[in-house]
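Here's a quick briefing to get you oriented. Have a look at the sequence and the model, then read on.

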Amino acid sequence: MTISEMRERIIFQKSSAGKDRNGNHILSWSDFYSCAAYANNLSGSEYWAAAQANAQTDMFFMVRYCSELADIDTEHFRIIFKGATYNITFIDNIQYENKMLKIRVSKAVR
């Protein structure tokens, strides 16, 4: 993968817990990090596995590994891409080389 293929801009958001004025727990999201990414729909066996689970809104992003993304997880982070919100379902540090991250996501249902 070359840098020129990373044409799309994505925003990582991080969740934080808080309380409203009545003391109820609320979850708020704030922008954490923005970077260039390669975005693509699933293909091959990944697509068919997602289709069997009725998850055709799944896709993946490839981003360069950096210190800001070293500690992201599937519970506290999500991605904004072209105005849509995507929940992170899997993060793959490809061959543990700390060069590229392949992040599988599914479109959030509102």
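The side chain of Q13 makes a polar contact with the side chain of D31 at 2.9 Å (a polar contact is a pair of N or O atoms within 3.5 Å; within protein, one must be able to donate a hydrogen and the other to accept it, and residues adjacent in sequence count only if both atoms are side-chain atoms). The side chains of Q13 and R78 are joined by another, of 2.8 Å. Bear in mind that this is a predicted model, where local features need pLDDT of at least 70, side-chain atom pairs count only at pLDDT 80 or more, and totals for chains, interfaces and linings use all residues. Residues are numbered from 1 along each chain as its sequence is written, and side-chain values use heavy atoms, with hydrogens and water left out.

**Around Q13**
- Q13 sits in strand β1, residues 8-19 (strands are DSSP runs of E, at least two residues, numbered from the N terminus).
- Q13 is buried, at 11% relative accessible area (buried means under 20%, with a 1.4 Å probe and protein chains only).
- Beyond its neighbours within four places in sequence, Q13 has contacts that include W29, F32, H76 and I80 (contact means heavy atoms within 4.5 Å).

**Strand β4**
- All five residues of β4 (residues 77-81) are buried, so the strand is largely enclosed by the rest of the structure.
- F77, I79 and F81 point one way from β4, while R78 and I80 point the other way.

**Pairing**
- β1 and β4 pair antiparallel over four bridges (pairing takes at least two DSSP bridges between two strands), and I11 has I80 as its bridge partner in β4.
- β4 also pairs antiparallel with β5 (residues 84-93), over four bridges.
- In the hairpin of β4 and β5, with two residues between the strands, K82 takes a positive phi near 50°.

Conventions:
Buried < 20%, exposed > 50% of the residue type's maximum accessible area, 1.4 Å probe, protein only.
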